[in-house]
Amino acid sequence: MGTPSLSNRGELAFSTPLRVDYDAHSEALGNLYHPQDNPQGVIPLNVAENTLSWSDLRHRISRLTAEAQIPDWVPGYTSMLGAPDFRAAAASFLEKHLTTCTLDPDQLGVSAGATSVIEMTSFILADSGDVAVIPAPCYPVYKQDIGNMSGMERYDLITHHELSEIRGGPSLSIADLERAQTEIKRAGKRFRMLILTNPDNPTGGIYSHQQLLKCTNWCIDHGIHLVVNEIYGLSLINTKHSVIREDYTEDTVFCSFANIMQAKQSDLLHLWYAFSKDLGISGLRVGLVYSQNEAFIRAYGNVNLSHTVSNYTQWVLQLLMSDTDFMSSYVANNCERLTESYAVVIRHLKELRIPYVPARGSLFTWLDLSELLVEDTSAAEHDLWLDLYRSAGVLLTPGEGFGHSKKGLFRLVYPCVSKHDLGTAMDRLSGFVLKKRQDES
Ligand SMILES: Cc1ncc(COP(=O)(O)O)c(C=O)c1O
């Protein structure tokens with residue numbers, strides 16, 4: 001049914017839910033699990049949030065803001081790229097913890113979360129109908145983030161089918177990029193941008209320095225923008241943990257794309273970061289883009305006004321990031337907690353012999369329940385997802401929307417609940433899978 005009061009864009013927004021699991025999540029929030037008060041309640045493991053370290057951060061933020069006086073730049077307008085003091089603190093923080101190479105604060109742009117940064121970047125670099133290539137499976141909302149304002153389209157680049165093919169990490173090759181380039185040209189379109197998420201959402205894999213370098217050289221040779229999204233760059237798993245260590249045969253370490261950017265000095269290379277995941281503060285809405293492209297940064301400052309972050313928030317984060325000893329221990333403790341929770345998931349999946357991709361970072365486990373599908377279709381995947389939610393009270397995200405070829409894959413977010421509640425969710429998942437197997441035999 002049409003909605004004549006809306007524009008065509010509004011009509012599309014009206015009829016396109018942001019995510020397939022949104023309604024179920026809203027419903028789940030009204031019936032949340034609690035060990036004593038609501039033991040039959042739902043445990044949603046579908047929204048990419050990390051709540052494991054918030055209590056540490058809350059105490060520190062409360063103390064820092066109580067001890068400091070709000071600076072005079074907070075109540076007024078400031079640079080549309082982000083407050084200079086904040087950008088300086090962000091550059092130092094990222095240099096120390098993420099990039100390990102120097103960053104020029106003048107080449108940073110700050111917007112309301114990674115979502116805004118992705119939208120602004122696409123708006124400035126792409127024209128309507130241009131194509132962004134993203135290896136599949138990928139963060140589903142890229143489609144809207146790159147498309148809503150700029151009209152850029154998403155091309156899901158399938159590099160594998162079975163999870164076993166990416167156990168060692170993402171399998172993106174130059175041949176894959178060439179194939180995408182040929183197909184996009186054949187469709188009369190322009191391959192404008194390659195987007196990589198590192199560590200990856202949903203697989204948790206890490207691109208090696210060599211892989212990134214090869215992609216960079218290829219993109220530069222072909223005049224294509226390469227953007228690496230390091231929103232999970234500090235959420236790394238300790239692969240030496242006893243429960244999971246046998247999953248890792250190679251020693252791939254995370255290396256920030258900033259190092260390659262520094263070496264290449266190209267207008268085509270850009271880095272995204274946000275504090276939403278590594279610091280578990282998605283509600284503060286702070287994202288960053290780093291680019292050595294002067295024209296890009298100038299344009300960014302001219303169109304970012306509706307996407308800016310409140311100065312008060314920038315100030316609070318600036319205080320936090322400048323507390324270097326605290327932040328160092330925060331990052332280390334957070335990774336330890338992530339690893340402990342991740343190990344809970346993997347212990348169960350190993351026991352059940354459910355295939356998964358060994359993660360090196362991010363907040364996810366990407367797992368394969370295709371053995372339980374009644375047929376190899378998206379509809380069957382959707383039914384299985386709802387069945388798990390309705391009968392076991394565990395809400396995952398189904399593979400639909402991630403752009404991958406295989407059906408029956410699901411994303412599980414492990415640090416969005418306590419380790420105890422995660423254990424309960426995994427026990428329920430185990431019960432569900434065992435019962436299904438029994439019913440089928
Ligand atoms: C890869 C990726 N990019 C961007 C976002 C959006 O982040 P933000 O909340 O900072 O807008 C997410 C959130 O899940 C994500 O996983």
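A search of the whole structure, which is a predicted model, finds 2 cavities of 30 Å³ or more. The largest cavity holds about 80 Å³ of space and is lined by 13 residues, with Ala 136, His 160, Pro 170, Asp 200 and Tyr 207 lying nearest its centre. By class, this lining of the largest cavity comprises 7 nonpolar, 5 polar and 1 charged residues.

The second largest cavity contains about 30 Å³ of space, and its lining is formed by Ile 134, Pro 135, Pro 137, Cys 138, Ile 195, Leu 196, Thr 197, Asp 200 and Tyr 207. Two or more residues of this lining come from each of the strands β3 (131-135) and β5 (191-197), and β5 gives the most, with 3 residues. The lining of the second largest cavity divides into 7 nonpolar, 1 polar and 1 charged residues.

The ligand, in turn, takes up the space of the second largest pocket and is surrounded by 16 residues, the closest being Ala 114, Thr 115, Tyr 232, Ser 276 and Lys 277. Helix α5 (residues 113-125) gives the most to this shell, with 4 residues, and the shell as a whole has 8 nonpolar, 6 polar and 2 charged residues. Among the side chains around the ligand, a polar atom of Asn 201 lies 2.8 Å from a ligand oxygen atom, while an N or O atom in the side chain of Lys 277 is 2.8 Å from an oxygen atom of the ligand. A nitrogen atom of the ligand is 3.1 Å from an N or O atom in the side chain of Asn 229. Of the 400 Å² of accessible area that the ligand has on its own, the protein covers 94%.

Note on methods:
Residues are numbered from 1 along each chain as its sequence is written. This is a predicted model: local features need pLDDT of at least 70, side-chain atom pairs count only at pLDDT 80 or more; totals for chains, interfaces and linings use all residues. Side-chain values use heavy atoms; hydrogens and water are left out. A residue is near a molecule or strand if one of its heavy atoms lies within 4 Å of it. A polar contact is a pair of N or O atoms within 3.5 Å; within protein, one must be able to donate a hydrogen and the other to accept it, and residues adjacent in sequence count only if both atoms are side-chain atoms. Accessible areas come from the Shrake-Rupley method with a 1.4 Å probe; for residues, only the protein chains shown count as cover. On a 1 Å grid over the protein atoms alone, a cavity is a set of points where a 1.4 Å probe fits but cannot get out, and a pocket is an open set with protein on both sides within 12 Å along at least five of seven lines; lining residues have an atom within 4 Å of a point. A molecule sits in a cavity or pocket if more than half of its atoms lie within 2 Å of its grid points. Ala, Val, Leu, Ile, Met, Phe, Trp, Tyr, Cys and Pro count as nonpolar, Asp, Glu, Lys and Arg as charged, and the others, Gly among them, as polar. Grid points are joined across faces, edges and corners, and a volume is the space filled by probe spheres set on the points.
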